[in-house]
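Dear colleague,

Please find below the structure that I am handing over to you. My notes on it follow directly after.

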Amino acid sequence: MNVESAARLDKQSVGSAPVPRAGNHVLTDREQTTAGASGYLSEGVAPNRGYTIGTGSSAEGPISWRLERNLRQVTFAQCPELSVFSETTSARMAAVHAHPAWTLLLPVDGGTVTVVAGDVVRVRNDGVLLAPQIQYRAATDGPHVAVYANAWRSARPQSMRPRVIGSNAARRVLDVLDVDHGTDLFGSIVELATLVGRIGALDSRLAFVIEALPDAGRLDGLAADVGISASRLRALANENIGVPLTQLRLWSRLARAIAWLPFGTTATAATAAGFADQAHFTRTARRFLGRTPGGLSLRPLVDQPRHG
């Protein structure tokens with residue numbers, strides 16, 4: 001998921017807060033980072049501050065982080081296939097929302113997940129799998145992990161009802177993810193594919209458009225780039241994915257904005273992700289997550305990082 005070019009970001013600001021430069025974030029003078037085999041930067045630790053920040057980045061901007069203070073930890077990580085968000089504390093019942101992605105909700109360490117989508121599903125050792133565009137509410141009691149498999153990489157759903165994933169399958173996903181030690185996204189893709197299925201190669205024109213979506217303005221411009229009409233492009237998306245391209249674009253920007261949240265204000269994250277403004281980011285988060293960016297409650301976990 002691309003962030004706007006560094007040259008453009010350098011010239012932009014939101015209020016008095018500079019927009020972060022992609023791929024160049026320094027948390028504190030005393031933090032140390034090491035590069036892992038995955039190419040992520042990890043284990044940024046600020047001594048004597050009472051909190052830890054783990055961060056991962058690419059040339060396109062942050063792709064993962066871990067915030068920790070006292071007994072609470074929140075992590076986020078993303079790749080083209082999927083994204084993962086985890087919390088060690090409970091989350092109250094969210095507003096009704098729907099993701100344009102497959103969603104797997106997993107309780108951890110004795111926690112529970114409750115999903116309301118017509119019927120009420122409550123699991124402790126199992127998981128709950130939701131197809132793209134299911135309208136639902138969810139709450140958690142204790143630690144939990146949410147895995148979002150991007151719709152353009154996965155099979156079309158055969159049912160729009162929540163599906164309980166047995167404890168063995170849920171444990172396999174959690175073991176592969178290994179959130180406590182850095183979140184192995186790539187190792188999780190095969191395990192997720194057994195649950196949601198895989199599609200064959202996308203039409204090359206549609207694949208090009210999806211790659212360009214986060215930074216795209218009007219979709220008819222992308223259609224022209226691949227030599228087809230806007231109506232034909234929308235039809236291709238419906239045939240291959242079943243989710244409108246406008247939703248996929250917002251979903252991509254939402255993941256990008258969440259990746260930026262620990263590194264600046266909500267307005268800064270909105271601008272870096274390509275939203276029109278902070279209000280647009282907030283509306284999108286409420287629509288797709290049932291929570292606002294402020295509702296993620298990240299600020300108490302960490303002092304404001306700075307950028308170099």
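Helices (H or I, at least four residues) and strands (E, at least two) are DSSP runs, numbered from the N terminus. Please note that this is a predicted model, in which local features need pLDDT of at least 70, side-chain atom pairs count only at pLDDT 80 or more, and totals for chains, interfaces and linings use all residues. Residues are numbered from 1 along each chain as its sequence is written, and side-chain values use heavy atoms, with hydrogens and water left out.

Helix 2 itself spans residues 167-177, and its buried residues are A169, A170, V173, L174 and L177. Here, buried means under 20% relative accessible area, exposed means over 50%, and partly exposed lies in between (1.4 Å probe, protein chains only). These residues lie on the same side of helix 2, because they cover an arc of only 135° around the axis; the arc is that of the directions from the helix axis to the C-beta atoms. In general, an α-helix has 3.6 residues a turn, so residues three or four places apart point the same way.

Which elements cover the buried residues of helix 2? Among them are strand 9 (82-87), strand 10 (101-107), strand 13 (127-130), strand 15 (144-150), strand 16 (163-165) and helix 3 (185-196), where contact means heavy atoms within 4.5 Å.

**Salt bridges**

A salt bridge is counted where a side-chain nitrogen of Lys or Arg is within 4 Å of a carboxyl oxygen of Asp or Glu. By this rule there are 11 salt bridges.

One of them joins the side chains of R72 and E87 (3.3 Å, N to O). This pair links distant parts of the chain, with R72 in strand 8 (residues 72-78) and E87 in strand 9, 15 residues apart. Both R72 and E87 are buried. Together with R291, R72 and E87 are linked in a network of salt bridges.

A further salt bridge brings together the side chains of E81 and R153 (3.7 Å, N to O). E81 lies in the loop between strand 8 and strand 9, and R153 in the loop between strand 15 and strand 16, so the pair ties together parts that are 72 residues apart in sequence. E81 is buried, at 14% relative accessible area, whereas R153 is partly exposed at 31%.

R232 also forms a salt bridge with E239, with 3.3 Å between the closest N and O atoms. R232 is partly exposed at 34% relative accessible area, and E239 is partly exposed at 48%.

With kind regards
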